[in-house]
Amino acid sequence: MNDDSVAGRVLETVTFPIERGKLYELARAFHESSRAWYDDGAAAEAGFDGIPVPPTVTALADHWRPGGALGTALALGLDITRLLHGESSWDYLVPVRAGDQLTATTHITGSTTREGKRGGTMTLIMLETEFTNHCGELAIRRRDTLIETGAPA
Amino acid sequence: MSIIRADALPATPVALAVGDTMPEATVGPLTRTDFVRYAGAGGDLNPVHHDEELARNAGLRSVFAMGMLHAGMLGTRLAGWAGPDNIRSYRVRFTGQVWPGDELTFTGSVTGVDASTATIEMTVVRQTGEAVLKAAAVVRRA
């Protein structure tokens, strides 16, 4: 990271589908047993008007970013071997269902440097991503803090 | 207190009071295959999570889990308790790394309520007792 004038930059916008197959993969990766996470019939039986999504479903956008999940970090010039995820938070405004299409727009909201505990300078980057559904409603707002730890002396 | 099927997913708000605890869950020991499965599912192909040689060359003791793996596991367990549509906000802070062989325990409890919502604080700990993730959520309650 060698650019400290990044705040306010719009990083990218990506549109992606909420697919049942990816929801099944997420459910398996999370060691979840409920079929309602990926099966229309089970979701309907549980009382849902479609297949609901995990709170961290926003990760699926990464498949559609040209640089993948690392695209953001690489675009910022961060060293991926020194990259840590500090914090994430989500606000849920409209429920998301399998079959929806979301558009994610990511902004950099701030960056700061701080002396790391193990020496070297840590860089913190704050990002905000808005996920709008195919009806134009803001469905999810996500905030992230990325940390590039100090380079070894 | 009603009996809920372990794998049922609540579609409507659930009754929650201060001190109520989320059903405790344990996952693991985690393997590199678990990391790779999440890499494929979630799209995080940072090689520090699957390429052992690269991880060691970067000074790490091995590959380690992407934080969104256990943040995701905790999220679906929260949703299994409070209902996916009832979660208003979810916040996670990564406080430690998760390594192959780790066994993770997911716990949470209601720490506050108002007329229509409950605040839930949650932790993910490794078998050593070290917290690897601290989280909080605000959910709609019955």
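How many bridges join β2(A) to strand β2 (residues 87-94) of chain B? I counted five, and the two strands run antiparallel. I took strands (E, at least two residues) and helices (H or I, at least four) as DSSP runs, numbered from the N terminus.

A note on what I am reading: this is a predicted model, where local features need pLDDT of at least 70, side-chain atom pairs count only at pLDDT 80 or more, and totals for chains, interfaces and linings use all residues. Residues are numbered from 1 along each chain as its sequence is written, while chains are lettered from A and ligands numbered from 1 in the order in which they are written.

**The sheet.** I looked up A:D91 and found B:S89 as its bridge partner in β2(B). Then I followed the whole open sheet of ten strands, in the order β1(A)-β3(A)-β4(A)-β5(A)-β2(A)-β2(B)-β5(B)-β4(B)-β3(B)-β1(B), with antiparallel pairing; strands pair if DSSP finds at least two bridges between them. β1 (10-17) of chain A and β1 (25-27) of chain B stand at the edges with a single partner strand each, so one side of each has no neighbour in the sheet.

**Inside chain A.** I also checked β4 (residues 121-133) and β5 (residues 138-148) of chain A, which are antiparallel and joined by ten bridges. There A:F131 stands opposite A:I140 in β5(A).

**Where the chains touch.** I found 38 residues of chain A in contact with 39 residues of chain B (C-beta atoms, placed from the backbone, within 7 Å). On the chain A side, β2(A) gives the most, with eight residues.

Notes
Two residues are in contact if their C-beta atoms, placed from the backbone, lie within 7 Å.
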